[in-house]
Amino acid sequence: MNYGQIKKTDIANGPGVRVSLFVSGCTHHCRGCFNPETWDFHYGQEFTEETGEQLLTQLEPAFIEGLTLLGGEPMEPSNQRVLLPFLKKVRKRHPQKTIWCYTGYLLDKQLWEESAARCEVTDEILSLIDVLVDGEFVEEEKDISLTFRGSRNQRIIDVPESLRQGKVCLYRL
């Protein structure tokens, strides 16, 4: 997996100050995407053990609320497979930090059910995520007044509660 950017102090993609990892590779190709260069799976730099350790260190300060995964598309199966061991380390070393993930895939239609996004690690990776912002960016639904999402069709989902109830439960801001 490659990544396009790491933001050490991001305040736009989840609550508080966060560390954000912009992975490369996306098959959605949403019209109006703010990051189209990350559609290419080979864009940027390779995500290595050293990259993961760098991120784990950046998560250490008390003022950092958590980690946000964006893209590109973190839930592309090839990205899920690389992110899973890293997210396990985040949970082990920083259990108090939250993990947010932005995906164009829908939790209930594409991540829980058979689809191009679902693979052998999807359930486990979802079990490590606190909040999932799902749904493709739709330019006609764009609304800059929305908190932590770009278009009205996107949902901010409480993943642990959704897993417990077996249905999509929205996150309360």
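Predicted model: local features only at pLDDT ≥ 70, side-chain atom pairs only at ≥ 80, totals over all residues.
Where is the place of Asn35?

1. The strands, 7 in number, form an open sheet with mixed pairing, in the order S3-S1-S2-S4-S5-S6-S7. S3 and strand S7 (155-158) are at the edges; each has a single partner strand, so one side of each has no neighbour in the sheet.

2. S2 and S4. These two strands run parallel and are joined by 6 bridges. Within S4, Leu67 is the residue that stands opposite Val19.

3. Helices on the sheet. H2 packs on the sheet and touches S2, S4 and S5, with its direction at about 175 degrees to that of S4. H1 lies across S1, S2, S3 and S4 and runs at about 15 degrees to S1.

4. The largest nonpolar core. This core has 34 residues, and those with the most contacts inside it are Leu21, Leu67, Leu83, Phe86, Leu87, Leu111 and Leu132. Among the elements that each supply at least two of its residues are strand S1 (2-10), strand S2 (17-23), helix H1 (49-58) and strand S4 (64-70). H2 gives the largest share of this core, 5 residues. Apart from this core lies another, of 8 residues, which include Phe22, Leu70, Tyr102 and Val133.

5. Contacts of Leu87. With neighbours within four places in sequence left aside, Leu87 is in contact with Leu67, Leu69, Ile99, Ile125 and Leu128.

6. Asn35. To return to the opening question, Asn35 is in the loop between S2 and strand S3 (45-46). Asn35 has a relative accessible area of 7% and is therefore buried. Not counting residues up to four places away in sequence, Asn35 touches Phe22 and Gly71. The Asn35 side chain reaches the backbone oxygen of Gly71 at 3.1 Å.

7. Aromatic pairs. The structure holds 4 of them. One of these is the edge-to-face pair of Tyr3 and Phe47, at 6.4 Å centre to centre and with 85 degrees between the planes. Tyr3 lies in strand S1 and Phe47 in the loop between S3 and H1, so this pair ties together parts that are 44 residues apart in sequence. Tyr3 counts as buried at 7% relative accessibility, and Phe47 counts as buried at 11%.

8. Because Phe86 lies in helix H2 and Phe47 in the loop between S3 and H1, the pair ties together parts that are 39 residues apart in sequence.

Terms used
Residues numbered from 1 in each chain as written. Heavy atoms only, no water. Core = buried A, V, L, I, M, F, W, Y, C linked by side-chain atoms within 4.5 Å. Buried < 20%, exposed > 50% of the residue type's maximum accessible area, 1.4 Å probe, protein only. Helix = DSSP H or I, 4+ residues; strand = E, 2+ residues; numbered from the N terminus. Contact = heavy atoms within 4.5 Å. Polar contact = N/O pair within 3.5 Å; in protein donor to acceptor, adjacent residues only side chain to side chain. Pairing = 2+ DSSP bridges. Axes fitted to C-alpha atoms, helices over the stretch in contact; angles between N-to-C directions. Phe/Tyr/Trp six-rings, centres within 6.5 Å; stacked < 30°, edge-to-face > 60°.
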